[in-house]
Amino acid sequence: MGSQIIIGKKHRIIKNVPTPNGMLYENDVVTVTDLKGSHDEKARVEDMMGRIYHITPRVLELIV
């Protein structure tokens, strides 16, 4: 939603995201570890438990 994505910073999930590795729920806090694709098509994120997910950056909001 036009939010800034910064690698290494904490972000909040703005809507539920089902992934093959499990569900990320709205308001979960994740850390962005990498951005893939020509137009940031996928973000590699890590949740507080250390699990890794690949999701669209559109569902992330920077925590200020």
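Reply: The model holds an open sheet of five strands in the order β6-β5-β4-β1-β7, paired in the antiparallel sense. Its edge strands are β6 and β7, each of which pairs on one side only. From one strand to the next, the twist averages 45°. The model is predicted, so local features require pLDDT of at least 70 and side-chain atom pairs pLDDT 80 or more, while totals for chains, interfaces and linings use all residues. Residues are numbered from 1 along each chain as its sequence is written, and side-chain values use heavy atoms, with hydrogens and water left out.

Me: What makes β1 and β4 a pair of strands?

Reply: Strands are DSSP runs of E with at least two residues, numbered from the N terminus, and two of them pair if DSSP finds at least two bridges between them. β1 and β4 are joined over three bridges, in the antiparallel sense, and therefore meet this definition. Lys10 stands opposite Thr31 in β4.

Me: What makes the link between Asp47 and Arg51 a salt bridge?

Reply: The term requires a side-chain nitrogen of Lys or Arg within 4 Å of a carboxyl oxygen of Asp or Glu. The side chains of Asp47 and Arg51 meet at 2.9 Å, N to O, so the pair qualifies. Arg51 is partly exposed, because its relative accessible area is 46%.

Me: How many salt bridges does a search of the whole structure find, and which residues form them?

Reply: The search finds three. Besides the pair of Asp47 and Arg51, Arg12 meets Glu61 at 2.4 Å, and Asp34 meets Lys36 at 3.0 Å. Arg12 in strand β1 and Glu61 in strand β7 are 49 residues apart, and their pair links distant parts of the chain. Arg12 counts as partly exposed because its relative accessibility is 24%; Glu61, at 32%, is likewise partly exposed.

Me: Why is Thr19 called buried?

Reply: Thr19 has 16% relative accessibility, and therefore counts as buried. Thr19 lies in strand β2, and a polar atom of its side chain is 2.5 Å from the backbone oxygen of Gly22. Thr19 touches Tyr53 and Ile55 (heavy atoms within 4.5 Å), not counting residues up to four places away in sequence.

Me: What makes a set of residues a nonpolar core, and which residues form the largest one?

Reply: Such a core is a set of buried Ala, Val, Leu, Ile, Met, Phe, Trp, Tyr and Cys residues joined through side-chain atoms within 4.5 Å. The largest has 11 residues, among them Val30, Val45, Tyr53 and Leu60. The elements that give two or more residues to this core are β4, β5 and β6.

Key: Helix = DSSP H or I, 4+ residues; strand = E, 2+ residues; numbered from the N terminus. Buried < 20%, exposed > 50% of the residue type's maximum accessible area, 1.4 Å probe, protein only. Polar contact = N/O pair within 3.5 Å; in protein donor to acceptor, adjacent residues only side chain to side chain. Axes fitted to C-alpha atoms, helices over the stretch in contact; angles between N-to-C directions.
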